[in-house]
Amino acid sequence: MSNSVHEDSWLYVAVENPGNNEKFMGFHDHQEDISYIPAFQEKEAALSCLINLPRTPGKKYEVQAVLADELAKDAREHGFMIFILDAEGRILKKITP
């Protein structure tokens, strides 16, 4: 992973449909033509920001911890970048896995 997140560190992400066909919550910025997974360095920041992220009605979401290396592998396989956000949703880092 590039841009200073250690591979063995934990990040917090929103997971759609936890436990049953789960996947990381991801978005596509049509203006920039970039797909990304929002991630957080602290669980509290992820929980605070999750309520403001667009969600699909009827789907369950849960904040889970994931190793940065595992998140990077999944993001790379599916063509996503990783955006590290703060509790207000501001981008702190853009990572190309």
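Student: What makes the pair S35 and H28 a polar contact?

Tutor: The side chains of S35 and H28 are joined at 2.8 Å, and a polar contact is a pair of N or O atoms within 3.5 Å, where within protein one must be able to donate a hydrogen and the other to accept it, and residues adjacent in sequence count only if both atoms are side-chain atoms. This is a predicted model, in which local features need pLDDT of at least 70 and side-chain atom pairs count only at pLDDT 80 or more, while totals for chains, interfaces and linings use all residues. Residues are numbered from 1 along each chain as its sequence is written, and side-chain values use heavy atoms, with hydrogens and water left out.

Student: Why is S35 called buried?

Tutor: Buried means under 20% relative accessible area, exposed over 50% and partly exposed in between (1.4 Å probe, protein chains only); S35 has 19% relative accessibility and therefore counts as buried.

Student: Why is the pair of F27 and Y36 called tilted?

Tutor: Rings of Phe, Tyr and Trp (its six-membered ring) pair if their centres lie within 6.5 Å, and planes under 30 degrees apart count as stacked, over 60 as edge-to-face and the rest as tilted. The ring centres of F27 and Y36 are 5.8 Å apart and their planes stand at 35°, so the pair is tilted.

Student: What makes the pair of Y36 and F83 stacked?

Tutor: Y36 and F83 lie 4.4 Å centre to centre, with 10° between the planes, and form a stacked aromatic pair. Both Y36 and F83 are buried, and F27, Y36 and F83 form one aromatic cluster.
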